[in-house]
Amino acid sequence: MSNWALASTLVFVAVTVVLSLRQKLGLEKDIAVGTIRTAVQLLLVGYVLHFVFDANHPLFIVLIVAVMIAVASRNAGARAGHIPGIRLRIAISLACTEAVTMALMLGFRIIGPTPQYIIPVSGITIGSSMIVCGLLLNQMKREMESSRGEIEALLALGATARQAIRGASKRSVRASMIPTIDGMKTVGLVQLPGMMTGMIVAGADPIEAVRYQILIMFTLASSAALTAMLLGRLSDRLWFTKDERLRP
């Protein structure tokens, strides 16, 4: 893509700003900030990845994955910022999911042990898992409000905090996985996913692009399930105080 073609993509931002102005949505500042951050962040990442790919050193791979997990944990944790320790639990869940996913991919030689494969796949896995964490925490907050009476009744009858919250936790895990499952059902019919589209635009054989996309879809399904179940298990006690009362 030429610099002129890249600059021309600003027309889409301009359309968004015009629509926001006409509808008086007040999103112009957020759109401008988002546009600038998108361009700057992606350009910086491009130069960093160029350096990392040339260096081909395991330490750089670990550092980049660690930064991904830290940023994702901070962002997803904002959904339940009033719960102490939630970001640490998210980071542990994401790290475990990443470790299992990479161990399987490298162990079965699905991908090569190079930064060109590990970093992009890790980014897709961690990004998708971050969304799952956010969805789970949002659903848990709704469950805590709607099921407060039920949970407090179970506590009064002698149930432990983990036993009392089990039903709400299962419903939250299930809700957080629905978008991933729905995406698997409609992929190729409703949308052509990013990796597949990017490879085809870059000139790759469509069949080869489809193979990689199948890999990503199956990976996302596994990582969504693992992340949701881990976070649900690790965080269920955080919704209670030390004397096993629900947090306000």
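Predicted model: local features only at pLDDT ≥ 70, side-chain atom pairs only at ≥ 80, totals over all residues.
Reader: Why is Ser 172 called buried?

Author: Buried means under 20% relative accessible area, exposed means over 50%, and partly exposed lies in between (1.4 Å probe, protein chains only). Ser 172 has 0% relative accessibility and therefore counts as buried. Of the 248 residues of the chain, 32% count as buried.

Reader: Which residues does Ser 172 touch, not counting those up to four places away in sequence?

Author: Ser 172 touches Leu 136, Gln 139, Met 140 and Glu 143, where contact means heavy atoms within 4.5 Å. Ser 172 itself is found in helix H8 (residues 161-186); helices are DSSP runs of H or I with at least four residues, strands are runs of E with at least two, and both are numbered from the N terminus.

Reader: What makes Phe 51 and Phe 60 an edge-to-face pair?

Author: Rings of Phe, Tyr and Trp (its six-membered ring) pair if their centres lie within 6.5 Å; planes under 30 degrees apart count as stacked, over 60 as edge-to-face and the rest as tilted. The structure holds one aromatic pair. Its members, Phe 51 and Phe 60, lie 5.3 Å centre to centre with 70° between the planes, so the pair is edge-to-face.

Reader: Why are Phe 51 and Phe 60 called partly exposed?

Author: Phe 51 has a relative accessible area of 47% and is therefore partly exposed. Phe 60 has 27% relative accessibility, so Phe 60 also counts as partly exposed.

Reader: How do you know that the span of helix H3 is close to the expected one?

Author: The expected span is 1.5 Å times one less than the number of residues in the helix. Helix H3 (residues 28-55) has 28 residues and reaches 41 Å from its first C-alpha to its last, which is close to the expected 40 Å. Just after H3, Asn 56 takes a positive phi of about 55°.

Definitions and conventions:
Residues numbered from 1 in each chain as written. Heavy atoms only, no water.
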